[in-house]
Amino acid sequence: MPYIPHTEKDFEKILASVGASSIDDLLKGVPEGLRLRGLLGLPEGLSEQELASALKRLGRRNSTVDEYSSFLGAGAYNHYIPSAVRSLASRSEFFTAYTPYQPEISQGTLQAIFEYQTLVCELTGMDVANASLYDGASAAAEAALMARRITGRDKVLLSGVLHPEYRETVKTYLRGSGGDVRELPFGTESGTTIPDAISVESRGAACLVVQHPNFFGCLEDLEALAGVIHANGGLLIAVVTEPVSLGLLKPPGESGCDIAVGEMQSFGNALNFGGPYLGFMAIKNEFVRQMPGRLVGQTSDRSGNRAFCLTFATREQHIRREKATSNICTNHGLCALMAAIHMVSLGKGGLMSLSRLNLSKAAYLRERLLAIDGVRAAFDAPVFNEFAITLGSGPQPALRKLLRKGIIGGLALERFYAALDRHILVCATEMNSREEMDFFADEFAKAVS
Amino acid sequence: MKPRRKGQGIDLEKIKKMKANGTKGLHLDEALIFERSCEGRIGVAPSRFDVPACDAEKSIPRKYLRDDMGGFPEVAEIDVVRHYTRLSQWNFGVDSGLYPLGSCTMKYNPKINEEIAALPGFSRLHPYQGEELSQGALELMFQLEEYLCEITGMDAVTLQPSAGAQGELCGLLMMAAFFKDRGKPRTKIIIPDTAHGTNPASSHLAGFKVVPVKSEGRGALTANAVKDVMDADTAGVMLTNPNTLGLFEADIKEIADVVHKKGGFLYCDGANMNALMGIVRLGDLGVDVVQLNLHKTFSTPHGGGGPGSGPVAVRKTLEPYLPVPRVRKRGKKYSFDFKRPRSIGRLKAFYGNFAIMVRAYSYIRRMGPEGLKRAAEAAILNANYIKERLKGTFDLPFDRPCMHECVFSDKVQQPNGVSTMDIAKRLIDYGYHPPTVYFPLVVPGAIMIEPTETETLETLDRFIEAMKNIADEARNAPELLKNAPANTRVGRVDETKAAREPVLRWKAKPPL
């Protein structure tokens, strides 16, 4: 049998040495009547070669973002992943280990995560980052729960331009504790959360959750929003789904944000049809005892050598059980490792340059699309690498025509906003060449004419 | 390089003679990546600009822009490669050696699954690219759901949860939604004292008050114990089977009856499913909800702490509450169904940890029904072998056939001043990852050993020999244990200091 090294002889030998004549003797604890008769109704096992070709066939039934020109973003970004990322993260000392409970033989994982925590802090301008959460959406939910614990308040405000699936996730996570989750309207012209419009709702709120750049790609005025929510005693939670933007944008920590969370997939993690991705959380020092998830700290061994280990475990489920700050156990450590390798491969200069390249690509494409008759900018706030456009009519016919030309032209916003039934969300990254963008613009012009 | 620590009296010759694999590895010193930084270096530079370079200051207001990248490092590609290669050499994984971490099912992670998951046809798909471009992915998800239904004997599966704990939350929220829907919300949930910490933590998050119940002297829950606390305000019982003592909860059917009579649900934590595949189907035992841990039972790598995947299987009654979207098949076409008014919503963006699903799917296809059953049998056989051979040397609180893992304690070694932690650290010197220690909480000084089915008899024998040797050392030379591990890159790590004087990130030294 695959992956089971025992021969028949081994089986017999072991059975004899434990004083059993068959496996059934060892299953005495399982009442006879409860056991399955016969085999499971599953397809017969395959050889490795058969498996490889069957799965290659299945994979070919999908179309990839390499076969098509994709202008999709919306929380999952197509970025170039340097070879070193996969090559290094594939070292099985990393990926076949588990949570570093035994620090003496897990220093590799521990130091890598300590460095990852530092990179997240540097990127976001915050004091402390945890070792990872599942994804941006569940990280936003954990942040809202944390804000409730810190403020002792119930009401959670969600920007209406927070990723719709993040909003849904926050609501699901908060079902158990009940309470008040409100979605705020956005400025229909700016495409952003309007600070003046939220001052009433902010009263008595635990937190305001705002995405930046937001779901429409627009930049939010975090400082002004922080001013409003802080004046009412609540916390500002900034959600970043496209961290490449932070190579240019002011870190949330310098804009008055109390908890920064979001999605790190852009660094080092493949699109993977939506997962696994990488939730990050970074906070101000004062909240560290309320933080969910694992934390790596620096310490020393008995001889005074620098060493790392998991710390502040008293926040966690295996110690605190129902009083823990979260139920999270397994996190997304390998995704964090890949993100860290990508970030350090870029380094200071590389990240700033990548960020600027994304800005420039999107600006170029936006200009080309807006030059088309009948295509207008949906909102007027500044953007990074993603933006919304409006057509004269529903976008589906145009998107279908583009698809036939090998172009995935973006996301029709009607899927999440019924009123935005002529809108498309378009994203351009370093993966989209000028040639490809020109082709998109030309075909789009034909499709809407 | 810093001078290495002294051997601290470790008897290396003896370990060598035992043909154990020891841990005298190649350990090169390596600074933090930030300490390797040199101004101006870039590891892998992005592509050149093929469009006019945008002046950020012109398109974005100054107040939105950052001044600098703070302490981001500047290192060459070779630095990055050596850095992480060296770090990896300080780590121990399943590929390095036996990793009998109880409750975590550290089985071999097949290489072919990594290759398959990395195929562009799976890894280069955008979650919003549309159903027509993703038929292969949807088919894989649909079939995996069917396989997991068959393995668990349940009616419907969601693949969305990211890990076991999120699966637990998902299952509990569905139970809560069911009662709320009927206008009679329930507030409590019964959890035995042997449970994983995630069970009470997830229950709390789902809004339930935890009612603890003691497993009786035989290390299992009885129907009577449940009967005493189960009432019409209790949503159900959360049970792990086999439980964390590695014992099958034989009363499970009767417990299910008690719970069902009061209108509740039986939730089974499927973390230990590796003992049951093809032997018992939880649905046949009266279980209503179970979460599976694909990174345990279905051989996907643990990644130094994840990512995992925690699908949840339910009976028909709970199916309307599953997260959105569901995968549908009509004719030969697959699609997502988002219109599910009674759904609890979603636990994450998109559809779940798809790349992990690909690996688990590959594993099931490779194994087939016979292979899965054989895996469970071999896992049980190996755990019993270790239990039988170490019993007497170490205290065995529950001496009866176990399932996939067995639990010892340090009771015999305690009089010599040697604790479970010392035994665990000494095992590292012999070249093994320590078992799970101090869990389950019901066994003081627990040593929880799960060998899995993928180890050879010779490996098991060497491990047993090492454990026996350590027991000898505990009697005759306890300082060897107290000072262990002696051969690793760092010695015993000061975890108290880490909590008392927290250093949670690197910081640049302020300029002089």
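Analyst: Domain bounds come from an automatic or database domain assignment. For chain B, this assignment gives domain 1 (115-366) and domain 2 (376-489). The model is predicted: local features need pLDDT of at least 70, side-chain atom pairs count only at pLDDT 80 or more, and totals for chains, interfaces and linings use all residues. Residues are numbered from 1 along each chain as its sequence is written, while chains are lettered from A and ligands numbered from 1 in the order in which they are written.

User: Into which domains is chain A divided?

Analyst: Chain A has domain 1 (69-80 + 348-448) and domain 2 (83-342). Their centres, taken over C-alpha atoms, are separated by 28 Å. To the contact, domain 1 of chain A gives 26 residues and domain 2 of chain A gives 23 residues. Helices (H or I, at least four residues) and strands (E, at least two) are DSSP runs, numbered from the N terminus. On the side of domain 1 of chain A that touches domain 2 of chain A, helix H11 (333-370) and strand S12 (386-390) of chain A are the elements that give two or more residues. H11(A) gives the most to this side, with seven residues.

User: How is the packing of two helices described?

Analyst: The description uses the angle between the axes and the distance between them. Axes are lines fitted to C-alpha atoms, for helices over the stretch in contact, and angles run from 0 to 180 degrees between N-to-C directions. In chain A, the axes of helix H7 (residues 136-151) and helix H8 (residues 164-174) come within 8 Å and cross at roughly 45°. H7(A) and H8(A) are therefore oblique to each other (under 35 degrees is roughly parallel, over 145 roughly antiparallel, 65 to 115 roughly perpendicular and the rest oblique). The residues of this contact divide into nine nonpolar, three polar and one charged.

User: Which residues of H12(B) are buried?

Analyst: A residue is buried if 20 or more other C-beta atoms lie within 10 Å of its own, exposed if 12 or fewer, and partly exposed in between, with C-beta atoms placed from the backbone. Helix H12 (residues 420-429) of chain B is mostly covered, with nine of its ten residues buried. The buried residues of H12(B) include Ile423(B), Leu427(B) and Asp429(B). Gly431(B), with a positive phi near 95°, follows H12(B).

User: How many residues bring the two chains into contact?

Analyst: In this contact, 175 residues of chain B meet 161 residues of chain A. Helix H11 (residues 354-390) of chain B gives the most to the side of chain B that touches chain A, with 23 residues.

Conventions: Two residues are in contact if their C-beta atoms, placed from the backbone, lie within 7 Å. Ala, Val, Leu, Ile, Met, Phe, Trp, Tyr, Cys and Pro count as nonpolar, Asp, Glu, Lys and Arg as charged, and the others, Gly among them, as polar.
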